[in-house]
Amino acid sequence: MNPDAFNDSEYLRTQQYANSGNLGARIALHERFSTNTYDLHHWLFDLLLATAPKAAQVLEVGSGRGDLWAKNANRIPAGWQVTLSDFSEGMLADARAQIGVASERLRFEVADAQKLPFEDGRFDVVLAHFMLYHVPDRAQAIAELRRVLKPEGVCFAATLGQQHMRELFEAGAKIVPGMELIGQQNTRTFSLENGAEQLAESFAEVQCIDYASDLRVTEIEPIMDYVQSMEIVRVLGKPELIDAFREEISGRIGSEGAFFIRKQSGVFVARGTRN
């Protein structure tokens with residue numbers, strides 16, 4: 001396994017996120033089995049609505065398949081001008097399709113977070129949800145988020161904690177020793193534990209708001225789809241290891257009624273300019 005794949009832009013653009021298939025498998029697990037019944041994307045949009053003015057320029061960086069907008073299409077204020085950007089053309093194409101008719105109101109642009117193609121101070125709000133841990137030069141990307149914001153603008157950056165999905169990776173470690181370290185690798189670069197200090201290099205004020213939820217998974221196939229959508233499938237690539245992992249999780253579901261996986265997610269709200 002390539003230990004740097006999680007931050008390898010070429011791998012991410014051409015393989016992992018060439019389209020929304022892998023991401024969709026992971027989102028599906030959370031949508032079906034989260035203990036918090038109030039959807040994460042509705043919660044994030046609530047924060048956005050409470051912050052952005054009625055007439056606002058809004059940019060999402062690393063918008064992926066556009067779940068935030070697809071799930072809140074009927075809540076987008078008429079006065080907002082929204083731009084979705086991603087480094088993957090395939091992702092943006094899938095975002096258009098998923099958002100549907102509402103996508104006609106939105107703009108889509110291929111863009112690298114480390115060099116955003118927008119003028120200084122253009123946006124009232126910039127969103128960078130669940131993507132900064134993928135960026136090789138995060139300091140540069142965060143400086144770009146601040147640059148394209150108006151002086152009074154707000155940046156929202158959702159991310160994961162270092163204990164996110166811990167039980168899944170610990171179960172994998174019974175099959176492949178050391179696999180639990182791979183789970184930590186996924187979020188170590190920009191997490192709830194270290195994201196604030198990175199944002200503080202460009203923003204004067206940074207607040208973290210937690211989203212409380214876990215997973216209680218009662219079916220094996222969604223977990224297998226999740227695992228096989230990720231870079232860790234390179235570790236469990238041998239059929240016998242995949243089968244052993246399936247048996248391990250199936251046994252837990254059978255004996256306990258569900259496989260419990262802790263989630264750890266939240267959003268940073270950043271304002272002002274660091275002098």
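Buried means under 20% relative accessible area, exposed means over 50%, and partly exposed covers the range in between. K71 has a relative accessible area of 23%, so K71 is partly exposed. This value, like the others here, comes from a predicted model.

K71 and E31 meet through their side chains in a salt bridge, at 2.4 Å from N to O. K71 sits in the loop between α4 (67-70) and β2 (81-86), and E31 sits in helix α2, so the pair ties together parts 40 residues apart in sequence. E31 is partly exposed because its relative accessible area is 43%.

K71 also forms a salt bridge with D39, at 3.0 Å from N to O. D39 lies in the loop between α2 and α3, so this pair ties together parts that are 32 residues apart in sequence.

## Overall make-up

The protein has 275 residues, and 52% of them are buried. Its secondary structure comes to 11 helices and 9 strands.

Take the contacts between residues at least 6 apart in sequence. Of these, 81% join residues at least 24 apart.

## The sheet

Seven strands form an open sheet with mixed pairing. Their order is β3-β2-β1-β4-β5-β9-β6. The edges are β3 (107-110) and β6 (205-211), each of which pairs on one side only. On average, neighbouring strands of this sheet are turned by 20 degrees against each other, direction ignored.

Strands of a sheet pair through backbone hydrogen bonds, either parallel or antiparallel. In which sense do β6 and β9 pair? The sense is antiparallel, over 7 bridges, with β9 spanning residues 265-271.

Helix α5 (residues 89-99) lies across β2 and β3. Its direction is about 165 degrees to that of β3.

Helix α6 covers residues 138-147. Which of its residues are buried? They are R138, A141, I142, E144, L145 and R146. These buried residues pack against strands β1 (57-61), β4 (123-127), β5 (149-160) and β9. They also pack against helix α9 (195-199).

## Further salt bridges

The structure holds 15 salt bridges. K174, E248, R252 and E256 are linked in a network of them. Another salt bridge joins E119 and R122, where the closest N and O atoms are 3.7 Å apart. E119 has 48% relative accessibility, so it counts as partly exposed.

## Two serines

S34 is in the loop between α2 (21-33) and α3 (40-51), while S255 lies in helix α11 (residues 239-256). Is each serine buried or exposed? S34 counts as buried because its relative accessibility is 18%. S255 counts as exposed because its relative accessibility is 58%.

The side chain of S34 reaches the backbone oxygen of H30 at 2.6 Å. A polar contact of 2.7 Å also joins the side chains of S34 and K263. Neighbours within four places in sequence aside, S34 is in contact with L29, S213, D214, L215 and K263. For S255, the side chain reaches the backbone oxygen of R252 at 3.3 Å. R252 is also a member of the salt-bridge network with K174, E248 and E256.

Most residues other than glycine have a negative phi. What is the phi of F130? It is positive, at about 50 degrees, although F130 is not a glycine. F130 is found in the loop between β4 and α6. With 23% relative accessibility, F130 counts as partly exposed.

M165 is not a glycine either, and it has a positive phi of about 65 degrees. M165 lies in the loop between β5 and α7 (166-173). Its relative accessible area is 1%, so M165 is buried.

Conventions:
Residues numbered from 1 in each chain as written. Predicted model: local features only at pLDDT ≥ 70, side-chain atom pairs only at ≥ 80, totals over all residues. Heavy atoms only, no water. Helix = DSSP H or I, 4+ residues; strand = E, 2+ residues; numbered from the N terminus. Buried < 20%, exposed > 50% of the residue type's maximum accessible area, 1.4 Å probe, protein only. Polar contact = N/O pair within 3.5 Å; in protein donor to acceptor, adjacent residues only side chain to side chain. Contact = heavy atoms within 4.5 Å. Salt bridge = Lys/Arg side-chain N within 4 Å of Asp/Glu carboxyl O. Pairing = 2+ DSSP bridges. Axes fitted to C-alpha atoms, helices over the stretch in contact; angles between N-to-C directions.
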